[in-house]
Amino acid sequence: MAAPRHLLLRLWGLGTLGLVLAMAAGAYWWEKQLPERLQNTLIAKDYEACIRTSEQLAALRWLGDGAPEEQAFCRQKHAEELWDQGELIAAIALQQQLVASGHGDLDAHRETLKSWQEALKDQAVALFRQGELQKALNLLDPLKGHARSSISQLSATLMEIWNRNRLEQRRLVQLVEQERWWEALDSLNKLDHPWWQKQALATREQVETAIRALDTAQEHQQHPAAHPDVISGDALDAAVQDQLRRGLDPWTAFSTGCSNLGGRIEEDGPESFCRRSSPSP
């Protein structure tokens, strides 16, 4: 019984050793092919394949560190391709790997990375101004690993501006519903984001129209009110505003409000005023 068991162990050991040797031979053969494949990718200007091949070469090479200069060159070229194709985030990620590798012209690589990061931030701000807050934040997010403090601060600033305008817009709606026109105008002027300002254009026109109507109504009351038969003050203001809310134009609202208070419109040069139809004793 011992002899067959010993024979099986020897066969298993030989089989395992043969498998290991075969794998090693295959890896060695593949490693020998990689330099030529790497050169072929460079000739073909297939920089993405060049990166893959150089990474395989670095992983398989038992001595040395592969082809770092070729890999750096291919990373640079492929990053430029990605950038030109509009794949900005992928380009920056590859450029960051290039800078971290320490190979190639590091000063030039760092300058390119900085320039691309600034361009990406500018694009994020442009999206933000167009009302695309989440897209802007998504665009900034990959940059946090390289410049976490400044990018996080920019993201926080964008969110703060957006939320402040959103809350001001909500307050503006409430003020308009309450016909608090001058406060509504102040709220409109506090909107400092282009997208929110655009959303409020119709509301601004409504508020400014209401304020002009009030000003016009008040102009009709500018006649000296010392005469005891002149109707003016809060009573006339309330009567006129009530007519304005009914949709009348300012002059008709003034005339109707005056009439409802028992008065009639009289002209005095360029001014008009409301006088009681039955003068007080």
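Tutor: Let me begin with a definition: buried means under 20% relative accessible area, exposed over 50%, and partly exposed in between, with a 1.4 Å probe and protein chains only. On that basis, 33% of the 281 residues of the protein chain count as buried. Please keep in mind that this is a predicted model, in which local features need pLDDT of at least 70 and side-chain atom pairs count only at pLDDT 80 or more, while totals for chains, interfaces and linings use all residues. Residues are numbered from 1 along each chain as its sequence is written, and side-chain values use heavy atoms, with hydrogens and water left out.

Student: How many helices and strands does the protein chain have?
Tutor: The protein chain has 12 helices and three strands, where helices (H or I, at least four residues) and strands (E, at least two) are DSSP runs, numbered from the N terminus.

Student: And how many disulfides are there?
Tutor: There are two disulfides in the structure, a disulfide being a pair of cysteine sulfur atoms within 2.5 Å. With bonded cysteines counted along the chain, the pattern is 1-2, 3-4.

Student: Which residue is joined to Cys50?
Tutor: Cys50 is joined to Cys74, with an S to S distance of 1.8 Å. This pair links distant parts of the chain, since Cys50 sits in helix α2 (residues 47-60) and Cys74 in helix α3 (residues 68-84), 24 residues apart. The link of Cys50 and Cys74 is right-handed, with 75 degrees about the S-S bond, and both cysteines are buried.

Student: What about Cys258, which partner does that one have?
Tutor: Cys258 forms a disulfide with Cys274, at 1.9 Å from S to S. Because Cys258 lies in helix α12 (residues 250-260) and Cys274 in strand β3 (residues 271-276), the pair ties together parts that are 16 residues apart in sequence. The torsion about the S-S bond of Cys258 and Cys274 is about 85 degrees, so this disulfide is right-handed. Cys258 and Cys274 are both buried.

Student: Back to α3, at what angle does it pack with α4?
Tutor: The angle between α3 and helix α4 (residues 88-101) is about 160 degrees, and their axes are 8 Å apart; axes are lines fitted to C-alpha atoms, for helices over the stretch in contact, and angles run from 0 to 180 degrees between N-to-C directions. That makes α3 roughly antiparallel to α4, a label for angles over 145 degrees, whereas those under 35 count as roughly parallel, 65 to 115 as roughly perpendicular and the rest as oblique.

Student: Which residues make that contact?
Tutor: Among them are Ala72, Leu82 and Trp83 of α3 and Leu88, Ile92 and Leu98 of α4, where contact means heavy atoms within 4.5 Å.

Student: Switching topic, where is Glu179, and is it buried or partly exposed?
Tutor: Glu179 is in the loop between α7 (148-177) and α8 (181-189), and Glu179 is partly exposed, with a relative accessible area of 32%. Phi of Glu179 is near 55 degrees, which is a positive value in a residue other than glycine.

Student: And Glu168, buried or exposed?
Tutor: Glu168, which lies in helix α7, is buried, with a relative accessible area of 13%. Leaving aside neighbours within four places in sequence, Glu168 is in contact with Ser187, Lys190 and Leu191.
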